[in-house]
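Trainee: Please take one part of this structure and go through it slowly with me. I'd like the whole picture in one go, with the cut-offs as you reach them.

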Amino acid sequence: MQQKKRQMSLIGFMQAQNCSTYPGSWRHAATTPDFLTPEYYQRIARVLEEGKFHMAFFDDRLAMPDIYSGDHTDTVKHGIRAVKMDPVVVLSAMAAVTTKLGLGATYSTTYYEPYHVARTFATLDLMTKGRAAWNVVTSLNDSEAANFGSSKHLEHDQRYERADEFLEATLGHWDTWQEEALVIDKDKGLFAHPEKVKRLDHRGTYFNSRGPFTVPRSPQGQPVLIQAGQSGRGKAFAARWAEFIFVVYPNLDMAKKQYAEMKSVIASEGRDPNKVQIATACYVVVGETDEIARQKMAYADALAKDEDALALICEVLNHDFAGRDIDEPINDEDMKAVSGWRAFRDRVVMLSGKSNPSVRDFIDFSKRAKLKEFNVFVGSPTTVADEMEKWFVEGGCDGFVISPTHTPGSYEDFVRMVVPELQRRGVFRKDYQGDTLRENLGLPYPKSGDWLRDQQAAAQLREAAETA
Ligand SMILES: Cc1cc2nc3c(=O)[nH]c(=O)nc-3n(C[C@H](O)[C@H](O)[C@H](O)COP(=O)(O)O)c2cc1C
């Protein structure tokens, strides 16, 4: 039998806020100002579905960036991700005008409770007829903690410990309704088989959650799990649970190396690495010619401000660097005090070659809040497709999480110009394969009990490997 040609996945990187991941995007002349309306998100949803995208995915943060100077004035004034609406509610508006597009949202395991998240995503999954995905994050900083009743964000590895238990409880709840539980037989007076609806009775270190759960299974069994951990602990967590992984690979050489490493971490968890896709974040600036694209890039790039970078560096590191000389090396104590994304700090150390970089080094090497924070594909449809194909074919990724320089125009340009070129080359599909997100990602339907059996089998494999 002939093997089906491998094809890339495309994800729209969305924010329920006033700008894209690129804070300067709201200043772009072609960005429309209606981001507080359902029509704005619905317009993008229709575009992504027309382009056969796998998913519209929303990131989330549970606080305004206000660590820099301990204040939100700059953030509000400069519109540095100052607005952040609940992504699941926004997804519901997008679901109403689409039928195939996958719909993913980020929810935090540090600030929410398993029962709440299990119910929210199971409901979204039913209301979208099996198109929901949950991006599992452990959150970042003390500003988020302050909105949820504590002053300090949980320590990095402890967040992942809590997240492990969170997933056990959430998947546990999703599992308590078996496939054939619902009967709805009016003649017999039987609504559902009581023996096919179990109570979870989870009692653990971080959570107690009893059940019974109140949402039956969806057409795709349960929502797809996404994760984006970058530290060693985060990668181990992703390898254990994720069905889809988001990454930020800065260039193709590093992508090849890190992609192969991540696939081997997944295999060492006893899982099939071919069943877990890895998609890298990027910006795409496409124009009718290379020259037009270059001009568009220069214009968009010039919209970044230093204030954006400072606010978002302090947010991501959970540390206030205000009031110091921008060129002074950050001492060991302050470098250690960083408790947000350590992988972000370590990347700047690696790229600058300095164990004590300055704030300016953080701005220059992280490219935070600039377009070059992610890899940028710039050029005509042919140039962009050449690059994306190269990354995909040469083992740099399985797909792309595409962030817009402006909205909704970036997505409209991509779907009009790049998608047909990728389709012509056979590296991207011409139509959806099925109705659910799992069908469209080629993921198996998980039956009640599967995840627990898989986890037990993986634990046995790990144990055998350790004692061998
Ligand atoms: C594409 C992408 C999207 C992400 N989205 C979010 C998000 O919405 N909210 C969040 O708190 N973290 C988000 N993260 C951060 C990761 O969940 C993770 O915390 C980060 O990569 C650092 O890794 P670590 O937790 O292992 O230190 C994202 C990361 C990537 C690469």
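Mentor: Domain bounds here come from an automatic or database domain assignment. On that basis the protein splits into domain 1 (9-74 + 86-303 + 371-467) and domain 2 (306-368). Some ground rules: this is a predicted model, so local features need pLDDT of at least 70 and side-chain atom pairs count only at pLDDT 80 or more, while totals for chains, interfaces and linings use all residues. Residues are numbered from 1 along each chain as its sequence is written, and side-chain values use heavy atoms, with hydrogens and water left out.

Let's zoom in on where the two domains meet. Taken over C-alpha atoms, the centres of domain 1 and domain 2 are separated by 27 Å. Counting a contact as heavy atoms within 4.5 Å, 24 residues of domain 1 touch 23 residues of domain 2. Buried area is the accessible area (1.4 Å probe) that two parts lose on being put together, summed over both. For domain 1 and domain 2 that comes to about 2,100 Å², with 57% of it on carbon and sulfur atoms. On the domain 1 side, Tyr68, Leu140 and Glu373 lose the most area to domain 2, together 32% of what that side buries.

Now the charges. A salt bridge means a side-chain nitrogen of Lys or Arg within 4 Å of a carboxyl oxygen of Asp or Glu. Four of them are counted between domain 1 and domain 2. Arg61 pairs with Glu315 in a salt bridge, their closest N and O atoms lying 3.2 Å apart.

Asp175 and Arg217 make one of them, at 3.6 Å from N to O. That pair links distant parts of the chain, 42 residues apart: Asp175 sits in helix α6 (residues 156-175) and Arg217 in the loop between β8 (208-209) and β9. Helices (H or I, at least four residues) and strands (E, at least two) are DSSP runs, numbered from the N terminus. How accessible are the two partners? Buried is under 20% relative accessible area, exposed is over 50%, and partly exposed lies in between (1.4 Å probe, protein chains only). Asp175 has a relative accessible area of 12% and Arg217 has 13%, so Asp175 is buried and Arg217 is buried as well.

Compare Arg360 and Asp327, whose salt bridge has its closest N and O atoms 2.6 Å apart. Here too the pair ties distant parts of the chain together, with Arg360 in helix α13 (residues 359-366) and Asp327 in the loop between α10 (306-317) and α11 (332-337), 33 residues apart. Arg360 is partly exposed at 36%, and Asp327 is partly exposed at 43%.

Asp346 and Arg345 also meet in a salt bridge, at 3.0 Å from N to O. In that pair Asp346 is partly exposed, with a relative accessible area of 38%, whereas Arg345 counts as buried at 15%. Lastly, salt bridges that share partners tie Asp386, Glu389, Glu421, Arg424 and Arg425 into one network.
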